[in-house]
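Me: I have a new structure to look at. Can you walk me through it?
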Amino acid sequence: MANSEQIFSIALGLEAPWQIQDVIFNKAESQLDIYLSFTRGHQFKMEDGNTYTAHDTVERRWEHLNFFQHKCYLHAKVPRVKQADGKIQTQEVSWARKGSGFTLLFEAFAMLLIENEMPVNKAAKVLSVYPNRLWTIFNYWISIAHKKDTIEDLNNIGFDETSVKKGHNYVTTMVDLKQRKVLFVTEGKGSGCIEKSVNYLQEKQIDPHDIKQVCIDMSPAFISGCNKYLPRAAITFDKFHVMKEVNKAMDELRKLERQGNDMLKKHKYTFLKNKLTPKIKEERDLLLEMYPKLGEGYRLKQLFKDFWNIQDKQEAEGYLAFWCDIAQESGIFPFQKAVRTIKAHWSGIINYIESKINNGILEGLNSKIQLAKKRARGYRNINNFINMIYFICGKLKFDYPLYLT
């Protein structure tokens, strides 16, 4: 037994005053119980700078990694030490954090499973623990890592929204466009989300006046929030959302032309997608020739794309004015409506020519978020969802025992 106790002591990384007291294997329950004890008379250093022996003890148990296929638990009578002023403090142990009920190695292994893209609920099943207990572990390490996260050289940021589950509840993410990582996530999608994000930056000793550029969609709430809380940041409207308005006009035109014209059935994406099969491309060209309004709308859509390639701001402004004129003169109502939207957001669209920032990075991060959401089959707890976003998109550094990985 002495040899096995020494092996377990080394495996657990025990240090003075802790030692293995007993190791009991319960074959009937397929469980290994390891009992630890501290050296009698050991002097514990306390907050007042003095050392004291244990006043009394409190029994604790922690779930450890399985021993082969068997459940494994650590047991110890943890010393409570009384200072000269009467204050009693329970001592911390090196193998577990306070109040966890699991060893640090168990928690590190659980995080490793999640890190390797295993949904939390499935990891809980593998580890034979209740999902809520695993979420508690997960949220603890994420909150610690996010709190310690540092922000450097922050100039350009982007805001985007994503749903917690399809059509229900939203969170807003703030992203460092240079570092390509999520900095902050908050519930909702209003101007208050911008305020909370800026407050977070201030907590991290970042002056909001140092933010030079911010990329957002054309949400009035985002615009209002940025103007109020990031007054020195130039707004760039995300090119993908601007193009979405033009594509929306094209699709509305198709729907108008579709009335009474069976040939336009099943062609929703024919006029929107860039990459088409040779057969669909041939059909598109034929339809554009047969329906002149569609042809004109498609020409306007393609002309608008050229705007993004212009390098000179003055030239870009002139080109956009030219495009708005011909779209207005076309008499096609959906495109006339798009012109009004573009003119209402003029400076933020033109600003792209100089800033060259867009939310493509956010879209990439959002794809990761959506994949995690799909694997988890949605999130009921919004805090779990926010912490999962930090985990997969925050580039956080963790303090759990990484040597396990």
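What follows is a chat about helices, loops and a few single residues.

Me: What kind of model is this, and what cut-offs apply?
Reply: This is a predicted model, where local features need pLDDT of at least 70, side-chain atom pairs count only at pLDDT 80 or more, and totals for chains, interfaces and linings use all residues. Residues are numbered from 1 along each chain as its sequence is written, and side-chain values use heavy atoms, with hydrogens and water left out.

Me: Start with helices. How do H9 and H10 cross?
Reply: Helix H9 covers residues 292-305 and helix H10 covers residues 313-329. Their axes come within 11 Å and cross at roughly 170°. Helices (H or I, at least four residues) and strands (E, at least two) are DSSP runs, numbered from the N terminus. Axes are lines fitted to C-alpha atoms, for helices over the stretch in contact, and angles run from 0 to 180 degrees between N-to-C directions.

Me: What span should H10 have?
Reply: At 1.5 Å a residue, its 17 residues should span 24 Å. The end C-alpha atoms of H10 are 24 Å apart, which agrees. The expected span is 1.5 Å times one less than the number of residues.

Me: And what sits at the two ends of H10?
Reply: At the start, a side-chain oxygen of Asp312 reaches to within 3.2 Å of the backbone nitrogen of Gln314. Just after H10, Gly331 takes a positive phi of about 75°.

Me: Now H11. What is buried there, and what covers it?
Reply: Pro334, Phe335, Gln336, Ala338, Val339 and Ile342 are buried in H11. Their cover includes helix H7 (239-258), H9, H10 and H12.

Me: New topic. Where is the cis peptide bond?
Reply: From Ala16 to Pro17, with omega near 10°. Pro17 is in the loop between helix H1 (2-12) and strand S1 (18-26).

Me: Why point that out?
Reply: Most residues other than glycine have a negative phi, and most peptide bonds are trans.

Me: Which residues other than glycine have a positive phi, then?
Reply: Ser30 is one of them, at about 50°. Ser30 sits in the loop between S1 and strand S2 (31-38). Glu117 has a positive phi too, near 70°. Glu117 lies in the loop between helix H2 (104-115) and helix H3 (120-127).

Me: Are those two buried or exposed?
Reply: Ser30 is partly exposed, with a relative accessible area of 25%. Glu117 counts as exposed, at 52% relative accessibility.

Me: What about Glu63: buried or exposed?
Reply: Glu63 is buried, with a relative accessible area of 5%. Glu63 is in strand S5 (residues 54-67).

Me: Which side chain does Glu63 join?
Reply: A polar contact of 2.5 Å links the side chains of Glu63 and Lys71. A polar contact is a pair of N or O atoms within 3.5 Å; within protein, one must be able to donate a hydrogen and the other to accept it, and residues adjacent in sequence count only if both atoms are side-chain atoms.

Me: Last one. Where is Tyr400, and what does it touch?
Reply: Tyr400 is in the segment after helix H15 (382-393). Tyr400 is buried, with a relative accessible area of 2%. Leaving aside neighbours within four places in sequence, Tyr400 is in contact with Ala108, Met111, Glu115 and Trp141.

Notes. Buried means under 20% relative accessible area, exposed over 50%, partly exposed in between (1.4 Å probe, protein chains only). Contact means heavy atoms within 4.5 Å.
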